[in-house]
Structures are given as structure tokens and as C-alpha cells.
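Please report on this structure for a reader who works with coordinates. Keep it brisk, and give the cut-offs behind each term.

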Amino acid sequence: MQDAEQLARFERAIAAEEKVEPRDWMPDKYRANLIRQISQHAHSEVVGQLPEGNWITRAPSLRRKAILLAKVQDEAGHGLYLYSATETLGVTREELQDDLLSGRAKYASIFNYPTLSWADVGAIGWLVDGAAIVNQISLCRTSYGPYARAMVRICKEESFHQRQGFEIMQTLAAGSPAQKAMAQDALDRWWWPTLMMFGPHDAESAHSQQSMQWKIKRQSNDELRQKFVDQTAEQAAHIGLVVPDPALRWNAARRHYDFGAIDWAEFQRVLGGNGPCNRARLAARRKAHADGAWVREAMLAHAAKQAARAAA
């Protein structure tokens, strides 16, 4: 009876747009759904450093290098905010890391594609971070307080990431024929994987309906994907690049762009660990974790020493 009353009170709070805080009662499924979503988001931020980090030493100018360094550093910070938010749900950082390093946890499939040219850095900023902003702006209103507050800061920084990516693509598109071809090639390779980032169609998504009901998610996968296509198609036309979708066209009746079918078999293949860079990404994270063991040990030793002094 008590659980039924608590659930009714919880659902009234959700309906009234009240934020759920860590010490509030929440259904086990709500907690589990949040742990899955926020930790996956955190893992994506951390693994997402790798494709762009590959180009830090090869950036075409000191200015571009400084911007890229700042961007990669931001992604590490985003992972920290999100791991901290996940910990408020009763899971430890060590558990989250074990899930990632063992391959049990998922992260955004987009980061399992290689960055073959400097234009790919621009495409990631423009397309991937642009898609992230579309998704994450709605998450600023998510029902779980710590997640919503983390997203406010993350969205501000992601807007910088999207702008710098678009600037790279705009500069290349206005440059020599070879530079424009490089930008077009990057758009051709990153367009469809970016659309996959929003997840399966709503009817085929395992978590969307419950997440929408509890206002963890505020918009559906298909709504967010459509919003991204509408804004990005205009941006591509503005800088003279062609979206690699012959079915892309403005639908005056719907007031949205129509676009072609997504290859969901590729999405499932990459999500299942068989993308171009899945193994390399996990190997890089495992190596970084092992190489950083001495830092963690030193921090724990320092904390123990400080605690001993305080107790003396």
C-alpha cells in the first residue's frame, strides 16, 4: 500500500513539473532508466574525445590547435559532470568504469567511425555536436534535477563546439576545390551516422515510451531527428555543400524536410561492437585507465593521509 501511495505521489510530482532529487523516493525502474541513460551519456563524452584528439597534433594552425584542445577538454569535463550525476543514483564511479571497460555499457555509436581528414573535425563539431545540442536542450528540462542542472552547463559549451565545427566546414567549403571536396567527403561520411545518433524509430525504441512518461526525455527520437534535419539542411545549402540524400526535399504541406531511409542494419552492427573503430576505442580507454592507475593511487593515499591528520 505504501509503495502505491509513493508511486502516486511521485507521478503527481512529475505531472506538476517538479524536479526529482537524489533523496526523493523514486520507482526502481525510474532509477535504473536514469542510470542507463546518464551513464551512457557520460561514456559518450569520454569516448568522444578520441576521434578529435587524434587531430590535435595535426591541426592546421596554432589557433585551430588551441580551439580543439579546449573542445576536447570540455568533453572530459562533461563526462565528469555526468558521472557525478549518475553517482547520486547510488552507483559508484568504479562500477561505471568497469561497465565501460568491459564492454557491457553502451556509448554513442557515432564515435566508432574514424576521422580521416581535418574536415572530419569540422563535421563532428557541426553535425555530431549539432545533433547533441538538439537532443540536450530538451534534457535541460528533464525530470531528474542533477541531470537537468548538468545539462544547462553542457549545452552552453556544446554550442561553442557546434559553432567551431561549422566555421571549419564553412572555411573549407569556401576554399580551394580540394578543400571543398574534403568538406563534402566528410559530410558524405558523417551524415547518416549522425542521424542514427537519435536512436531507433519511436515504435522500435525499448526505453522511449517509459522515459517520455516520466519526463526523463521530453521529445521523441523521431521528433528530435526531424528537427536536426530541418536546421542542418539549410546550413549545408548556405555553405554550398550537398547533403548525401537524394530523397531530401522540403515538404510544404508538413513544413518539414522529407529525408531517406536510414540503414538500421548498419546502426545495429556498430552498436553490437562491429563498427570500424569499436575495438580501437575500447582499447584506448583501457590503456588510459591502466596508465592512470598511479594517479588514482596517489590521490587515495593523499586522502588517507589527510584523514589521518584530521583524526589525530
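## Thr-115 and its surroundings

Thr-115 touches Pro-51, Asn-54, Trp-55, Asp-120, Ile-124 and Trp-190, leaving out residues up to four places away in sequence. Contact here means heavy atoms within 4.5 Å. Thr-115 sits in the loop between H5 and helix H6 (118-139). Its relative accessibility is 8%, so Thr-115 counts as buried. Buried means under 20% relative accessible area, exposed over 50%, and partly exposed in between (1.4 Å probe, protein chains only). The side chain of Thr-115 also reaches the backbone oxygen of Pro-51 at 2.8 Å.

This is a predicted model: local features need pLDDT of at least 70, side-chain atom pairs count only at pLDDT 80 or more, and totals for chains, interfaces and linings use all residues. Residues are numbered from 1 along each chain as its sequence is written, and side-chain values use heavy atoms, with hydrogens and water left out.

Trp-190 has contacts of its own. Apart from neighbours within four places in sequence, Trp-190 is in contact with Ile-110, Tyr-113, Pro-114, Thr-115, Asp-120, Ala-123, Ile-124, Leu-127 and Val-128.

The largest nonpolar core has 74 residues. A nonpolar core is a set of buried Ala, Val, Leu, Ile, Met, Phe, Trp, Tyr and Cys residues joined through side-chain atoms within 4.5 Å. Trp-190 is among the residues with the most contacts inside this core, along with Tyr-30, Trp-126, Tyr-144, Met-169, Trp-191 and Phe-228. H6 gives the most to this core, with 11 residues. In soluble globular proteins, nonpolar side chains tend to be buried together.

## Salt bridges

The whole structure holds 16 salt bridges. A salt bridge is a side-chain nitrogen of Lys or Arg within 4 Å of a carboxyl oxygen of Asp or Glu. One of them joins Lys-215 to Glu-17, with the closest N and O atoms 2.9 Å apart. Lys-215 lies in the loop between helix H9 (208-213) and helix H10 (221-238), and Glu-17 in the loop between helix H1 (2-15) and helix H2 (28-47), so the pair ties together parts 198 residues apart in sequence. Helices (H or I, at least four residues) are DSSP runs, numbered from the N terminus. Lys-215 is buried at 17% relative accessibility, whereas Glu-17 is partly exposed at 42%.

Lys-71 and Glu-52 form another salt bridge, at 2.7 Å from N to O. Lys-71 belongs to helix H4 (residues 62-87) and Glu-52 to helix H3 (residues 49-53), so this pair ties together parts 19 residues apart in sequence. Both Lys-71 and Glu-52 are buried. They also belong to a network of salt bridges that links Glu-52, Lys-71, Glu-75 and Asp-129.

## Helix H12

H12 has 14 residues and reaches 20 Å from its first C-alpha to its last. That is close to the 20 Å expected at 1.5 Å a residue, where the expected span is 1.5 Å times one less than the number of residues. Asn-278, Arg-281, Leu-282 and Arg-285 are buried in H12. They cover an arc of only 90 degrees around the axis, which puts them on the same side of H12. The arc is that of the directions from the helix axis to the C-beta atoms. The buried residues of H12 pack against H2, H3, helix H5 (93-102) and helix H11 (264-274).

The face turned away from the buried side carries the exposed residues Arg-279, Lys-287 and Ala-290. Lys-287 meets Asp-291 in a salt bridge (2.7 Å, N to O). Both lie in H12, four residues apart, about one turn of the helix.

Definitions and conventions
Helices (H or I, at least four residues) and strands (E, at least two) are DSSP runs, numbered from the N terminus. A polar contact is a pair of N or O atoms within 3.5 Å; within protein, one must be able to donate a hydrogen and the other to accept it, and residues adjacent in sequence count only if both atoms are side-chain atoms.
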